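Subject: Structure handover

Hello,

Here is the structure for you to take over. Please open it first, then read the notes below.

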Amino acid sequence: MVRIVKKFQSILSREQQFRMLLLGVLMVVGGILEMLGVSMVLPLMTAIMDTHFMEQSYVLVICRVFRIHTYYEVMMLLLAALIVIYIFKNAYLFLEYYLQYRFVCNNRFLVQKQLLRVYMNRPYEFYLHATTGEITRIINTDVINAFNLLTTVLNFFTEVIVSAALILVIFIIDPSIAALIGVVLGVIMLLMFKAVKPVLHRASQKFMKHTSLTNKWLLQSLNGIKDIKVSHREDYFIEEYAVHGKKAIDAEKINSVVTMMPRLLIEAVSVASVLAVIMVLLSIGQSIDQLMPQLTAFAFAAIRLLPSTTRISGSINSVTFQEPMLDNLIKNLHAAKAFEQQKQAEQTAEAHKREEAKKRGERLTYEKAFSLSDVHFRYPNTEKEVLSGANMEIPVGKSIGIVGTSGSGKTTAVDILLGLLQPQSGGVYTDGVSIRNDYSDWLAHLSYIPQTIYMLDDTIRANVAFGRGRDQIDESMVWKAVEEAQLKEFVESLPQGLDTRIGERGVRLSGGQRQRIGIARALYTDPELVIFDEATSALDNETEAAIMESINSLHGRKTLIIIAHRLTTIEECDMIFRVENGKIIPQF
């Protein structure tokens, strides 16, 4: 358990570690209260069973302090004291558990938020190889299980303190029974730990692997529901989900069953051992009357001790099952920390570069032309260059068409233009200045419309003003963008207008309406450059013609880059380029 605490220290801040220390102090106080509650049972039962109880020296002292003179008054004092102790003890333990779970849950959410921020800020190239199912598992499952492990560790130390206090009480009552219980519990937990650790470790690895695959098939099933239904392949996706889901559940079942075993074994062996001792004591001549106070106190202690030892054993098993998830979380958090430090260094360097550029009089302007200059690019872990010495000049205010076969590098060129991909050499310039001098400013002056528009399950307003809170949305800019996208008449015909909810992935809209919302979204920020990446290729001819009419209406007011498969789609463009053999070649 100390090993687990040290692992958490590597991911918790100093303030969080200090709060954990305070929780440890609260646990010690809770253990003392548990011990006090049980230890009060012995004098109470002795007073009930022993008529000469009032003659005990410590009882006489208590009587003098509280001015008590009768047996009845002593009994009432003991009963009242026991009631007060148990009420206070349980109220205190409730507060302790509340603070403990608040600490765990709050910090778990902070880590989830931190990981999401890191993944969202990862460069686009990261997502070329990332698995969304694994990212989902790390944020939703690994973090939860890792912090459940922290709860388990805190509970373990709480129960160890309580158990130690209760065994001390039993030792005072009867050293032989205390020694027997200590030895029996120690041997059982050691044997169980040695026997089940390999089993739980394998189950944990299996659980993580198949939870990732379950998430993957769930996401694929929901995201591809239309294609799945049209091809009538529902059973295939259900079966793939079920195969991995069952394996994850099997691993979880192993954990649950193995974790439950110690409780049954400890309870059976401990009770049997103590009852055997009582049988021996009775057989050698001790009477029930002599044993009754000790047995009653022992019973109270055992009622609390057995659940504690069960939880201790369960905690050890849970640590074995959940520790690989904690290790995986630590690895990801360390990678996240390294990435954040790198990003911060890059931002500092970018800010320095920006300042130096300003001093030299170099700033991003959008007055003459945008260009790709001598761009060489290949994807990670590949040898072939997608673009090899590619050049393209885009005069401001012109419409540019880009054509090429599938896989020729059209979209790669656009991703480089957007700054999502960084070429191995060459770069993107605006009026002769590299966009890397002030990348944030570059993004603020362009918009991008892909073939498939990503739709929020929200209102038309929220989809047009994408990524902005309701209090940050400019209503007049929304209507202006909607009008420029030739969507105003449609929106005004809806009973709820801009507040109309479009459903998940925009299922309540037609393909053309979704594309027009994409255009409105792109125009909301009034950008200088608008890029259409095969934005009409999935539409029928009539709808494509209508969308192209909307796009061509921007001619002269915006710089347009339109990627298409067909020349007919871009026939009204001022300039046309073809991408082939790693080059971008002017056509006419």
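Phenylalanine 377 is buried, at 0% relative accessible area. Here buried means under 20% relative accessible area, exposed over 50%, and partly exposed in between (1.4 Å probe, protein chains only). Tyrosine 379 is partly exposed, at 24%. The ring centres of phenylalanine 377 and tyrosine 379 lie 4.8 Å apart with the planes at 85°, so the pair is edge-to-face. The rule: rings of Phe, Tyr and Trp (its six-membered ring) pair if their centres lie within 6.5 Å; planes under 30 degrees apart count as stacked, over 60 as edge-to-face and the rest as tilted.

Two notes on the source. This is a predicted model, where local features need pLDDT of at least 70, side-chain atom pairs count only at pLDDT 80 or more, and totals for chains, interfaces and linings use all residues. Residues are numbered from 1 along each chain as its sequence is written, and side-chain values use heavy atoms, with hydrogens and water left out.

**Aromatic pairs**

The ring rule gives six aromatic pairs. One of them joins phenylalanine 370 and tryptophan 442, edge-to-face, at 5.6 Å centre to centre and 70° between the planes. This pair links distant parts of the chain: phenylalanine 370 sits in strand E1 (residues 369-377) and tryptophan 442 in helix H12 (residues 439-444), 72 residues apart. Helices (H or I, at least four residues) and strands (E, at least two) are DSSP runs, numbered from the N terminus. Phenylalanine 370 is buried at 1% relative accessibility. Tryptophan 442 is buried, also at 1%. Tyr366, Phe370 and Trp442 make up one aromatic cluster.

**The sheet**

Six strands form an open, mixed sheet, ordered E6-E7-E8-E3-E9-E10. Strands pair if DSSP finds at least two bridges between them. E6 (446-449) and E10 (583-586) are the edge strands; each has a single partner, so one side of each has no neighbour in the sheet. E6 and E7 (residues 529-533) run parallel, joined by four bridges.

Over to you.
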